[in-house]
Every structure is written in C-alpha cells, then in structure tokens.
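Good morning, colleagues. Please bring the sequence and the model up on your screens, and I shall go through a few selected regions in turn.

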Amino acid sequence: MHYFDYAATTPLREEAASVYVSVSQQQFGNTTSLHDVGGAAQNVLAHSRQNLSALLGVRSEGLYFTSGGTESNTLALVSLAESAKNNGQHIILSAAEHPSLHSAAAYLERQGFRTTTIPYTTAGIIDLQALEDAITDQTTVVSVQHCNPEIGTIQPIRSISELLKPKGIYLHSDCVQSFGKLSVRDISPYVDSLSVSSHKVHGPKGVGAVYIDPRIRAVPLFPGATQEKGFRGGTVNVPGIAAFVTAAELAHPNVEKYRALRALFLNILSAHPKAFTIYSSPQSSEQLPQIIGLCAKHSEGQRIMLELNRRGFAVSTGSACQVGQQQSSMTMSAMNIPAHVAKGFVRISFGETSTSESVTQLAKALLEVAVSAQTPIDIL
C-alpha cells in the first residue's frame, strides 16, 4: 500500500519506539511519587518539557503535556476564555478550525459565551477584513489554525496577532498540522497559546502538548487535579512524552522534496485541467507543499478514495476527525464551496515514504478513476 495520508497520522519512528520501551521499563515510576523511582520519571518529564519548549520557542513553565491535539485545543480555548471572561465573553474562530475547537466553543456557549466564525477567502486564507469587522469590545479570544489540515494553506498568524494584541485579545493557534513541517518558532512569539500532537510527527498516539503563556492564568477544565501543575488530571504518560519529544527532535522538514513532488503531481493532473479543481494559495509562502486538497468534478470523493484504496493507494476525503460523517469538508464550507462540489473533495498528503515514482503512480491512478466517472462532455 502506498501511503498518502500523512496529514491524518504517521507511523511510529523507530527511535521513538525504542525510547518508549526503554522509559517504560527503566523510568516507569509515577511522577507524583516521592521515592527515587518516581523522581527518575519526574526527571525524564522535566527534560522532555525543556526540550520541547526549546523546539517551540516557548517558556517551559507554560507547557503542559496532554493526551493529544484535541485535548490541547479544548483546554487552551476554555482556559483562555475563562481567564478573560471578566473582560468579555465573545470568542472568534475561523470557520475551518479543527472540530475540537468548535466543540469547545459550543461548551463555552452553554456557559454564556458568544461565538463568531470567520470565513476563508477563495485562496484558503482567513478573511482578515471580516475578522477585524467581527471584533467587539467584548471579544477576548481568537483561534486561528497555523496550517489548514485539508488544503495546506498557511494562515497569517503574525498579521492576526498585530491586529489583536493592541486590543488585549488572546490568540490561540492550532499548530498540530504545522509542527514538524514548518518552524513553529516563527509564530510562537505572536500567540498566547498553541497546541501540538505527537502522532503527526512520527511519535506515539495519545500524546500532545499545549502551551499557554505563563503570564495568563491557566484555568483547568476540571479543578482539583494534581498532575501537570493542576492543569489536567491523570497519571502522566512519561514514556509517550519522551518518545514524542524524540520524534519531534528528529523531524527535519525537507521543503524542496515536497515542493518537487507537488509540482510533479499537479503537472500530471494538468493533462485533464477540467477534471479537478485544486484548492491552494497562489503564494508559495502561504502553502504547505505536503498537502494537496482537490475536488474531482462530477464524482464523489469517497468513491475516489475507495477506488484508489482498491488500487493500493491510501488517501483521505478530508480531516481524519470528520471522515465518516455525512457533511461537507469544514474547509470547503469555510470557502463557501457549494455542497454538490465539495462532495468531490479528496486530500492527498506526502510524507517520508513518498517518492517521485509513487507520486507519479498515484496521479495516474487518480486520473483514471476520476476521468472514468465523467462523461465526454465533462472532460472537453
């Protein structure tokens, strides 16, 4: 099977697996235990926190380990909103945010908060004018992802920060899709919180982290916990955390490789320019080359995905957290793409095993599957 769904998850890196087993066997103690075995585990945890903080360019005292990106996003949005609720109860999200953030916003709405969503432009970038127009004197938190997980557009975090900071509004950024592919250090000085996940960078599943600027009071979702400085409960997954940080340290983006593979793939598809619509930013600085989001005309994305799977290619029909749900891609909805067009959405994402040969085979197979579903008049 040729794997082209790296944006959904990645295989565990051998070095990370080795660290996981070693820590599980040698530093297996509970970090809250006061004996030496617990102290050894606590030392691994502290070392991991320091190393991940350095990778992200943030202060270690504001970094909390979690069970993954979903929990990190939920904790960040709820904590920021609760911390600032005396100043207002209005939250703004981009319409294409991860479902975990929309879920957290729905929870906050039940607590009396109000939410506004901001659409994307046709280039897949958040509409900055619409964002500015949506801000009121009650706005306290804005959440905008660093990189869109379905079409790979890179959002203008610094420009958003410059808009929000003078108004005292907190900015959260979901960096789950960008971490390991882009330098999060480039945007971490401009956000108040950010989230990352282990399994997107060849680490184990069930591990993630959230950063909240230490100057902000981190409000736990459930009070009374003792782990992670009281921010969340549960025995700390030290082996998973150590393996996560090991994988993250070994993640070295090969931008030129993926730009070349993207160009090759799109060049082959250009033989039938009317068969697909490619969704991306025209500016290379605003586009992650590893992710290609497209709609096949007059065909359903799920049918194409299944046909490609039958031929030995693993792709997806959008964010892994939405697959299986009978609804349009959140990104397509954010870009106001009609539902009958959005149903043809397919996402292809490259990774370490992607080669020019496998990409060429995928592109040709995709053409065969998509074009065979169209009538001659569709293709002309």
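Two strands are taken to pair if DSSP finds at least two bridges between them. Helices (H or I, at least four residues) and strands (E, at least two) are DSSP runs, numbered from the N terminus. The model is predicted, so that local features need pLDDT of at least 70 and side-chain atom pairs count only at pLDDT 80 or more, while totals for chains, interfaces and linings use all residues. Residues are numbered from 1 along each chain as its sequence is written, and side-chain values use heavy atoms, with hydrogens and water left out.

I begin with the strands. S10 and S12 pair in the antiparallel sense over five bridges. Within this arrangement, Cys295 stands opposite Phe345 in S12. How many of the residues of strand S12 (345-349) are buried? Five of its five are, where buried means under 20% relative accessible area, exposed over 50%, and partly exposed in between, with a 1.4 Å probe and protein chains only. Cover is present on both faces of S12: Phe345, Arg347 and Ser349 are buried on one side, and Val346 and Ile348 on the other.

Next, two backbone angles. As a general point, most residues other than glycine have a negative phi. His298, although not a glycine, has a positive phi of about 60°. This residue belongs to the loop between strand S10 (291-296) and helix H9 (301-310), and His298 counts as exposed because its relative accessibility is 57%. Asn336 also is not a glycine and has a positive phi of about 60°. Its loop runs between helix H10 (330-334) and helix H11 (339-342), and with a relative accessible area of 61%, Asn336 is exposed.

I turn now to the helices. In H6, the buried residues include Ile157, Ile160, Ser161, Leu163 and Leu164. Why do the buried residues of H6 line one face of the helix? Seen down the axis, they fall within an arc of 160°, the arc being that of the directions from the helix axis to the C-beta atoms. Among the elements that cover them are helix H5 (128-134), strand S5 (139-143) and strand S6 (170-174).

Two further residues deserve a look. Ser79, in helix H3 (69-83), is buried, with a relative accessible area of 0%. Contact means heavy atoms within 4.5 Å; leaving aside neighbours within four places in sequence, Ser79 is in contact with Ile212, Arg217, Ala218, Val219 and Phe231. Leu101 lies in helix H4 (99-110) and counts as buried at 0% relative accessibility. With neighbours within four places in sequence again left aside, Leu101 has contacts with Asn73, Leu77, Leu93, Ser143, His172 and Asp174.

Finally, the second largest pocket, whose volume is about 370 Å³. On a 1 Å grid over the protein atoms alone, where a 1.4 Å probe fits, a pocket is an open set of points with protein on both sides within 12 Å along at least five of seven lines, and lining residues have an atom within 4 Å of a point. Of the 22 residues that line this pocket, the closest to its centre are Leu182, Ser183, Val184, Arg185 and Asp186. Helix H6 (157-164) and helix H7 (238-249) each supply at least two residues of the lining.

Key
Points joined across faces, edges and corners; volume = space filled by probe spheres on them.
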